[in-house]
Amino acid sequence: MDLTKLSDEDLMALQVGDLSKVSDAGLAFLSGEKVIEQPKPPKRMTRAEAIKEITTAPKAEQMQLGSASDFGRQLGLTGRAAVTGALSIPTMGADALTGLINLLAGRQVMQPTSQALQSLMTQAGVPSAKTPQERVVQDVTSAGFGVAGPASLARNMPSAVQEFFTKSLGTQGAAATAGALASGAARESDIGPVGQTVGALMGSIGAGGAVGAAPVLARTTKEIVRPFTQAGREVITGNVLRNLATDAEQAIKAGETFVPKIGGYTPTTAQATRDLGLINAETALRGMDNTKARFATQALEANQAQMAILNRLAKDDDALTAAIKKRDDITAPLREEAFANSTVTPDIFQSGIALTVNKTIDDILASPVGKRQTVISVLNDAKDDIARASTPAELYEIRKDLRMAAQGLLDKSDRGGPTAGAYKAAQEPLKQVIRAVDDAIEAGATGYKDYLAKYAASSKGIERLEAAQQFKGKVLSTTPDPSRVNDYLISQPKFLNAIRAAEKETKLSNTQLAVLKRVAEDLDSGVLARATKPMGSDTFKNMSTANVIGGMIGKQMFGDVPPVLQKVSAPMNWLYNGTDDAIRELLVNAMLDPKLAANLMKKASVMTVEPLNRELQRKALALGYGAAFGLTE
């Protein structure tokens, strides 16, 4: 049977033993049926019947496949490889010349010599490689003849040329065949041109630099494509994060379940996991983001989210002014009505003051507290002020001074009266006096205490608003927010001090204080790196950490490489610049997104390089090159 009448696709399907991929015409041919037009064609077998006949009753011609005719074909393929390899150097130079001519002409004027050579051999009847196995074998055989051919010719040339072509033939041969093998296997595994180039270079460099280092070469060949795939980069990044973390599993759990203290921005992975290793590495990783400034953007977003909470609590001066006006509009008429309806005479009113207010002052001065000089000075000054009032309205105005005095806002030292400090020191006795004053006013102007109650109720919200504004004023730094006009950055130390003071005494509500405490916790998590900061230069520390991270990335990309291979693979660094950038970007993204980091670390814990290249390995094993790659089932 003349198998050359089959199509290339049918021949390839037969060689790998997959009859399901043979066309209907090919099956008919193999089963002996003639596919020609006849007036009354016989009934054709079905596809299933043709496959059954071929597999159960092989023809005699089929049994000859791979014997005499196949041997002649393989011999021809070897001859093609020998010619290709032996003429590789002159055709390389000729290709460069024809390429230059085509470039100058702006079109293809001349066919490349290497292509012309292959076409000439095809026209001469030399068989060409059809199957993946044949193509890879052609690559390897051509590479071998490419080393042996020039070396044979060089023996008759000057010593300098002879030494160039014949020195370290074993190393040259190992490098050439390993490079061809890696490149061919990558091509037949549907790897793109970049991956094929990297496979050839790494295969040749690894073999040439350490002939006999089979385990290292095998591992390097297996992992060569990984940095060029998204899945590979994710595994590399996940492994780097796991190596950086002090407790990777706990960090994964914390990142997955993390709930931000406040909304409006995403905290970093170091903040979310509170893992010491990731916290320590964050500063160096910030240096990898020197162009897009994503860490800086995240910090500003955090400040804006925290400021948004402060602004909601404190509002602005206009809001405070409006609240005070609304309170006064509601309560002032109640007070004025009580004073207008008062019928008490000055004498009777003064008697009421003496019975209530003055007696309260005298009782305090007669108590042990009254022996303090500050209390004596403040209460005597208050008694003198109260004595000037002859109506409820007048006593109410004096009451305003007493309240301000209790807050430490008055200072009469320049007039022989108490200092503001003395007033504040005698705050509790003054409050007792103010309550007595309110009783005296109510006795002379019924309805006054109803006004006080409504005023106090309306004042709670205003006092909380005032307290929030005071708190906000204490926690802002002098550093402006570059992304917003008239906004400033919050100072974590100032915020912490303000919270501690508010926990002791504040007019903020419990709800307001709880919200501000969450902001404080969020601010604290943003400066965790200070807790892990070691002694020594920040620059040296950052460089050292960056080198460690870089080493982790390199190890994930290349595996453990002996020193001898590190030297010969140094020129390969340029190939990985693009993938390094992609991995660094993914690493920065992971440090800015706790859930992404957790996902990558989980992926790294269940994936290795084998799943990423399993198809490549399977095809290499099928082609019979597993031993060369160090692969097993």
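Modeller: The account below begins with the whole chain and then follows one part of it.

The model is predicted, so local features need pLDDT of at least 70 and side-chain atom pairs count only at pLDDT 80 or more, whereas totals for chains, interfaces and linings use all residues. Residues are numbered from 1 along each chain as its sequence is written, and side-chain values use heavy atoms, with hydrogens and water left out.

The protein chain holds 33 helices and two strands; these are DSSP runs numbered from the N terminus, with helices (H or I) of at least four residues and strands (E) of at least two. Of its 633 residues, 39% count as buried. Buried means under 20% relative accessible area, exposed means over 50%, and partly exposed lies in between, computed with a 1.4 Å probe on protein chains only. Contact means heavy atoms within 4.5 Å. Among contacts in the chain with a separation of 6 or more, 72% join residues 24 or more positions apart.

The loop between helix 15 and helix 16 (276-287) contains Arg274. This arginine has a phi near 55 degrees, a positive value in a residue other than glycine. Most residues other than glycine have a negative phi. Arg274 is exposed, at a relative accessible area of 53%.

Just after helix 17 comes Lys315, with a positive phi of about 55 degrees. Lys315 is found in the loop between helix 17 and helix 18 and is partly exposed, at 48% relative accessibility.

Helix 18 (residues 317-340) and helix 24 (residues 448-475) have axes that come within 9 Å and cross at roughly 170 degrees. Axes here are lines fitted to C-alpha atoms, for helices over the stretch in contact, and angles run from 0 to 180 degrees between N-to-C directions. Helix 18 is therefore roughly antiparallel to helix 24, a term for angles over 145 degrees. The residues of their contact comprise 13 nonpolar, four polar and six charged. Ala, Val, Leu, Ile, Met, Phe, Trp, Tyr, Cys and Pro count as nonpolar, Asp, Glu, Lys and Arg as charged, and the others, Gly among them, as polar.

Helix 19 (residues 346-366) has 21 residues and spans 28 Å, close to the expected 30 Å. A kink of about 35 degrees is centred on Ala354; the bend at a residue is the angle between axes fitted to the seven residues ending there and the seven starting there. Its buried residues are Phe349, Ile353, Val357, Ile361, Ile364 and Leu365. They pack against helix 20 (373-386), helix 21 (392-406) and helix 23 (427-444).

Gln407 lies in the loop between helix 21 and helix 22 (420-425). Partly exposed at 32% relative accessible area, Gln407 is in contact with Lys424 and Gln427, leaving aside its neighbours within four places in sequence. The C-alpha atoms of Gln407 and Ala426 are separated by 9.9 Å, although these residues are 19 apart along the chain.

Finally, helix 26 (residues 510-525) has 16 residues and reaches 23 Å, close to the 22 Å expected. Its buried residues include Leu513, Leu516, Asp522 and Ser525. Helix 17 and helix 24 are among the elements that cover the buried residues of helix 26.

Technical notes:
Angles under 35 degrees count as roughly parallel, over 145 as roughly antiparallel, 65 to 115 as roughly perpendicular and the rest as oblique. The expected span of a helix is 1.5 Å times one less than its number of residues.
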